[in-house]
Amino acid sequence: MSCAFSLGFEARVLGGGVGRGRLSAGASRAEAVIADPRRISTCSPQVFPRLSKLAVPPHSDLLAVREIVERQSKDTFIGDSPAFAKAKFHPVFLDQAYDRCRHICAEYAKTFYLGTLLMTKERQKAIWAIYVWCRRTDELVDGPNAVHMTSAVLDRWEQRLDDIFNGRPYDDLDAALSDTVANFPVDIKPFRDMIEGMRMDTRKSRYDNFQELYLYCYYVAGTVGLMSVPIMGIAPESSASAQAVYNSALDLGIGNQLVNILRDVGEDATRGRVYLPQDELAQFGLSDEDIFSKKVTDKWKEFMKEQIKRARSYFNQAEEGASQLDKDSRWPVWSSLILYRQILDAIEANDYDNLTKRAYVGRAKKFLMLPLAYTRTLPSHNTQLRLQ
């Protein structure tokens, strides 16, 4: 399962595509209403249950997110610390490193890349460097060499991450990220969390409930939002709290990853993976066997309608934070919001058949979407949005 680089790292930044974890013992949970299977009749019209849209603890209770926000909201960077041995790169080498990141982003995330072109030069380079690191991390599990993946490989990758944050990059792409974290208030924890998500992807192929799935989505996509907000910046005129903007970044990441999951149900099934809550499948009288058989039944369609509603609810919440970012950084975020909503539209247009068909947005439609996304970045639109 690819991670969603949320603000739009095409099928991965504000939010943004890795992980699963545990809820604290005291975390509140919204209880799902379980349908009594004895009341489901095959001879009469079925009444399908509705799912809780969120059913997760508050963002501030999740995996020390509040602490990450506080650290990243300071005006001090890792490079300012006396303990940080900032690598001395030749300017030409560093320019070439960032240019490689730019080319990779342009090749694999075209829509997102175009959205970054309005950002300042320094922010562009930083966000490209983060994109490349996330992509390389995802490739460890989903790439051509994934068959050779072991826990030792991820352990070495995490050690390499520590070296990046300590000014000891291994190659030129690492050097670009090392320079980025020395110049922006980016905390290492979201990066480590993404690696943890990759570990989870190697050992878990089922999710008992939405709480588990939410945490997976946080690791593979929400982490990208935490990495990216310090780069994109919050508008100086914004009255929103940093926590509120980060919450919206997480919402976009969660929404993007839920879309990836819904889009790729059939593809994941061929690998024996089901990224859908088992208890919710049961509520609709469904099981893994229904997915593997790839039969689009009425029960499946009703189930998908509720899953799509949930994904859209996250996008609705993400809109407010997207409009609180620095004005030069909003375009890629709005592009992501609109693009991923269009993928949901495509699933509906396919009559909810995501078992044998893969919903997609054509290239022409993607490029036509960019002007619309740009209009959403303008002050006349943003003044209508307020964060609580």
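## The overall picture

Of this protein's 388 residues, 57% count as buried. Keep in mind that we're looking at a predicted model. The fold has 16 helices and zero strands. Its accessible surface comes to about 16,700 Å², and carbon and sulfur atoms account for 51% of that.

## Aromatic pairs

Search the whole structure and you get 13 aromatic pairs. Take Trp 133 and Trp 157: their ring centres are 6.3 Å apart and their planes sit at 20 degrees, so this pair is stacked.

Tyr 214 is in helix 8 (residues 210-232) and Tyr 314 in helix 13 (residues 298-322), so the pair ties together parts 100 residues apart in sequence. Tyr 214 and Tyr 314 are buried too.

## Arginines over rings

Arg 135 lies over the face of Tyr 108, 3.6 Å from the ring centre. Over at Phe 210, the charged end of Arg 310 sits above the ring, at 3.7 Å from its centre.

## A look at Arg 358

You'll find Arg 358 in the loop between helix 14 (330-349) and helix 15 (363-375). With a relative accessible area of 44%, Arg 358 is partly exposed. Setting aside neighbours within four places in sequence, Arg 358 is in contact with Arg 263, Asp 264 and Glu 267. With Glu 267 there's also a side-chain polar contact of 3.5 Å.

Conventions: Residues are numbered from 1 along each chain as its sequence is written. This is a predicted model: local features need pLDDT of at least 70, side-chain atom pairs count only at pLDDT 80 or more; totals for chains, interfaces and linings use all residues. Side-chain values use heavy atoms; hydrogens and water are left out. Helices (H or I, at least four residues) and strands (E, at least two) are DSSP runs, numbered from the N terminus. Buried means under 20% relative accessible area, exposed over 50%, partly exposed in between (1.4 Å probe, protein chains only). Contact means heavy atoms within 4.5 Å. A polar contact is a pair of N or O atoms within 3.5 Å; within protein, one must be able to donate a hydrogen and the other to accept it, and residues adjacent in sequence count only if both atoms are side-chain atoms. Accessible areas come from the Shrake-Rupley method with a 1.4 Å probe; for residues, only the protein chains shown count as cover. Rings of Phe, Tyr and Trp (its six-membered ring) pair if their centres lie within 6.5 Å; planes under 30 degrees apart count as stacked, over 60 as edge-to-face and the rest as tilted. A charge sits over a ring if NZ of Lys or CZ of Arg is within 6 Å of the ring centre and within 35 degrees of the ring normal.
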